[in-house]
Amino acid sequence: MRNFTRATMGALLASVALQPAAAQTALTPDQQTFFGLYKELVETNTTLSAGSCTQAAAQIATRLKAAGFADKDITQFSVPDHPKEGGLVAVLAGSDRNAKPMLLLGHLDVVEAKREDWVRDPFKLIEEGGYYYARGTVDDKAMSAVWADSMIRFKQSGYKPKRTIKLALTCGEETTFAWNGAQYLAKERPDLIAAEFVLNEGGGGRLSDDGKHQALAMQVGEKAAQNYTLAATNPGGHSSQPVPDNAIYELADAIEAIRGYEFPIKFSDTTRAFFTATAQTTPAPMSAAIKALLANPADAAADKIVSSDKTMHSTLRTTCVATLLNAGHAENALPQRATTNINCRIFPGETVEATAAKLQELAGPKVKLTINQPIRPTAIPTPLDPKIMAPAKAIAAKHFPGVPLVPLMSTGATDGIFFQAIGIPVYGVPGIFIDSDFNGIHGLNERIRVKSLYEGRDYLFDLVKAYAG
């Protein structure tokens, strides 16, 4: 019986191995060309630890030149101390010198991804079950690829925009202590990226669990990202003689106190408009709970329902979470030092210092808090300019009929803050839909629906063309 089972199982496995792979999505020739660019970009490792944004930028520059861009229209940049963290700026000249340029912004770098943690190789694009899987398939190589592809299509078709279209693809967005290309351009090359407005990541669209379009969002604000270090110190000693006074325990108590604390609910004009619109399209009991919170932010029962959605929870308040941990110096010694990084996303109007004071209060006197550098610029809420919102809504009605477009405060941070700091308004544009679980962005097995990628490409291409005139 045992031999029969093994033989049968072996035959079954061999049969499965001979079955054809799941059918890949049928693409038009135009989409195949885009897919080649997207795949190359996704499969180019651009992590800070082992990758090269400079290589990715060079690959895109090669494609731009093949499409007809002259050398003078493309600027590849880096600095000697960070040769692998470069980027590029490309310019498609407009016909009207009185029309100010527009800037398409994307970042090439991605969050770290360990092969042993992922189901699939994070730096090999794999199509499976209607999704593309790999690190960066969404954040932010989907938009960066769409921007580069749009510039190529404009050039190849002979399109003459009224206003100049600029493309900036940079590095350093995902790591606060990395060299940041967007910051460099805003500070050292403002002439190169001067524009009336910037189109950036941060907006997008949300899908229901069954893949239906629920809502589109235009980001017109974002939280401030700030890191803090909590440290507990102790003389230590031999582990055979433990004492209650222990750096790891003290730090653990501080972390637990922060875990259990909810910052109070706040509303800005943007988030109030977002929740008001969301309540109209969300089924009960969420819709009723949102309306109750809008009427009374202190309604704990309503908060519990709304905050069960992690995106809405983070949109309501400042959030702080432990992200890194380091403790002890030997397995047979009492710890002399224990530290953790606390990553906060601070609601507009609140300050880095006030948030630090609250964290220190929660941590208690035995744990010391430090505000980590860098302290990035605070995002400036962008006005809901009809010149921006009207085309976005009109094109959304064409591509996604019946789907509402709402203003959004992003719970994440983007490089838009560096352009806002020099007076250029930044809009996180809609178009690329993601699932309600956030598609593994910054986590394991990042993915994007194949359909959503190509829908977003079409929408964003038409949107840029509308703004360019």
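Modeller: Helices α2 and α4 are oblique to each other, a class that takes the angles left over once those under 35 degrees (roughly parallel), over 145 (roughly antiparallel) and 65 to 115 (roughly perpendicular) are set aside. The model is predicted: local features need pLDDT of at least 70, side-chain atom pairs count only at pLDDT 80 or more, and totals for chains, interfaces and linings use all residues. Residues are numbered from 1 along each chain as its sequence is written, and side-chain values use heavy atoms, with hydrogens and water left out.

The angle between α2 (residues 29-43) and α4 (residues 141-157) is about 135°, and their axes lie 9 Å apart. Axes are lines fitted to C-alpha atoms, for helices over the stretch in contact, and angles run from 0 to 180 degrees between N-to-C directions. Helices are DSSP runs of H or I with at least four residues, numbered from the N terminus.

The crossing of α2 over α4 is right-handed, meaning that the near helix is turned clockwise from the far one by less than a right angle. On the α2 side, the contact (heavy atoms within 4.5 Å) is made by D30, F34, L37, Y38, L41 and V42. From α4 come K141, A142, S144, A145, V146, A148, D149, I152 and R153. Of these contact residues, 10 are nonpolar, 1 is polar and 4 are charged; Ala, Val, Leu, Ile, Met, Phe, Trp, Tyr, Cys and Pro count as nonpolar, Asp, Glu, Lys and Arg as charged, and the others, Gly among them, as polar.

Note on methods:
Helices (H or I, at least four residues) and strands (E, at least two) are DSSP runs, numbered from the N terminus.
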